[in-house]
Amino acid sequence: MPQLVDMRNIIKVYPNGVVANRDVNFSVERGEIHALVGENGAGKSTLMKIVYGLEQPTSGSIIFNGRPVKLQSPHQAIDFGIGMVHQNFMLIPSFTIAQNIVLGHEPVKGRLLDTKAAIRITEQLAQEYGLDVDPTAKVEATPVGMRQRVEILKTLYRGADLLILDEPTAVLTPQETDDLFDAVRRLVAQGKTVIFITHKLIEVKEISDRVTVMRHGEVTGRVQTAEVSEEDIARMMVGRDVLFRIEKPRQQRGEVVVQVKGLSYVSPTGRPLLRDVSFQIHRGEILGIAGVEGNGQTQLAEVLSGLQPPTTGEATIGGQSVLGRGPRHVRQAGVAHIPEDRLTNGVALEADIADNLVVDRYYRSPFARRGAMSLRQVRRHAEQLMQKFDIRAAGAEALMGSLSGGNMQKVIIAREFSADPVLLIAAQPTRGVDIGASEFVRRQLVEERNKGKAVLLISADLAELLTLADRIAVLYKGEIVALFRSRPDLSEEELGLYMLGLKRQLPEQRE
Ligand SMILES: Nc1ncnc2c1ncn2[C@@H]1O[C@H](COP(=O)(O)OP(=O)(O)OP(=O)(O)O)[C@@H](O)[C@H]1O
Ligand SMILES: [Mg+2]
């Protein structure tokens, strides 16, 4: 098959001196689904931003459709039929979906946007590509799965033949991922070409024809997907065997330390999102929360971490009531929170790594002494955590905005793990982090539990829950419909029945 894109000897040095791509050769054939994988910071997004004209290579050339091209802006890339959906979405939240899709190429009536035409265009595109969206809904009020479909439709509206999807499934539920894969297969059947970045090797196996592996800015492998196993790909990525197993010693759980009673939360628009949720977590226990996304998990984490006041109900940590007095109070009571949406809720992009690692503790010893902040301590703290959590960046003073997506996540994870909490709330903690780092994060969660912490683990990854949690509660429509003690015969399928609302336990069946 003819090459659609052929990148030759690409070198990219960012202005701060970071070499993100070192002499990369990368090519994609027309009509294929090509997976691009590699550890956090390996240079995947950079390479794709170069094809999309968003970054300029320091040297090297790009052949597109047989002709050498210079892509100096996304505008030019779009003219060649190259579209990209970014790791962090770039839609305008206050606009409707239809407005976002036509943005930049609006149908007009006189000098105004022709809203009806925009809606019609959106509906036609949605139908043509089988990507269901609600044209009149505001983006800020739509779930991530739909936002992603909007991003894809937007690139298709602009005539993309090559679609670059940068970690599209990181924010999706398993069901949404299946839908996305169906859509991707349809796109390819219609003659499009897709480059797909992911950290989930099972997805690489499922969807791609070929895979290119990057490591430390270089290409370390290029294979036909059918000829390799997940383990092979993992080894190419990490340079060693990756253990998919986690050692978890028998639980020595202590007294109840977290008591949640009758928690309810009604959204500002009047939707009940949590209904009478009650549970306990013991010291030295991981309580897992399973559920199809959108069944109250996000609200549970937000209420317990003080970001939202509950409508009714109570939560105590070590006997102390924590709710309704704001996040700082909750934090001081011993709650750490790895938020699900780390890139909007967790980080200050214009601040450096060191500052992001102390935002919750700069006013305490050893960082503050007699009212002044010790920059040396802040820096030391950052360097230690960067080493422990393998945060790859130019240094502690690198701006968060210059980090790769996964490394930003690791900064937040490092901060929360090191807060020495009584209760650690971890929402989708391994999302967007590479396989080596996921393994590390999972081990840390078990270690916290072994040290006697209470952990609330919210995860869409059932295998992760079944491996890590001591008990698993299932949330369905904001309600706990089942509570299991983790045991070898508890299966993903069994949990699935409760997650879909097909089964529910009687109160006395809860374990
Ligand atoms: N705008 C920037 N300025 C300076 N350095 C940057 C910038 N963007 C990325 N980098 C650096 O370039 C390297 C590669 O980053 P890139 O975002 O391409 O990684 P990635 O493979 O996409 O990783 P992830 O899986 O974490 O998304 C990293 O060391 C990162 O810190
Ligand atoms: Mg990236």
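**Entry 1: the interface between the domains**

The model is a predicted one, in which local features need pLDDT of at least 70 and side-chain atom pairs count only at pLDDT 80 or more, while totals for chains, interfaces and linings use all residues. Residues are numbered from 1 along each chain as its sequence is written, chains are lettered from A and ligands numbered from 1 in the order in which they are written, and side-chain values use heavy atoms, with hydrogens and water left out.

I then counted three residue pairs in polar contact between domain 1 and domain 2, both residues at pLDDT 80 or more. A polar contact is a pair of N or O atoms within 3.5 Å; within protein, one must be able to donate a hydrogen and the other to accept it, and residues adjacent in sequence count only if both atoms are side-chain atoms.

On the side of domain 1 that touches domain 2, I noted that helix α8 (residues 230-238) gives the most, with three residues. Helices (H or I, at least four residues) and strands (E, at least two) are DSSP runs, numbered from the N terminus.

**Entry 2: extent of the domains**

I recorded domain 1 as 3-238 and domain 2 as 256-334 + 421-509; these bounds come from an automatic or database domain assignment. Their C-alpha centres lie 33 Å apart. The contact (heavy atoms within 4.5 Å) takes 14 residues from domain 1 and eight residues from domain 2.

I found a buried area of about 820 Å² between the two domains, with 59% given by carbon and sulfur atoms. Buried area is the accessible area (1.4 Å probe) that two parts lose on being put together, summed over both. Asn40, Thr173 and His199 supply 43% of what domain 1 buries against domain 2, more than any other three residues.

**Entry 3: a sheet**

I traced an open sheet of four strands in the order β14-β13-β16-β17, with antiparallel pairing; two strands pair if DSSP finds at least two bridges between them. Its edge strands are β14 (272-282) and β17 (320-321). Strand β16 (residues 312-317) pairs with β17 over two bridges, and Ile317 stands opposite Gln320 in β17.

**Entry 4: backbone geometry**

I noted a cis peptide bond from Ser365 to Pro366, with omega near 5°. Pro366 is placed in the loop between α12 (353-356) and β19 (368-369). Asp390 is not a glycine, yet has a positive phi of about 55°; I located Asp390 in the loop between α13 (375-388) and α14 (405-417).
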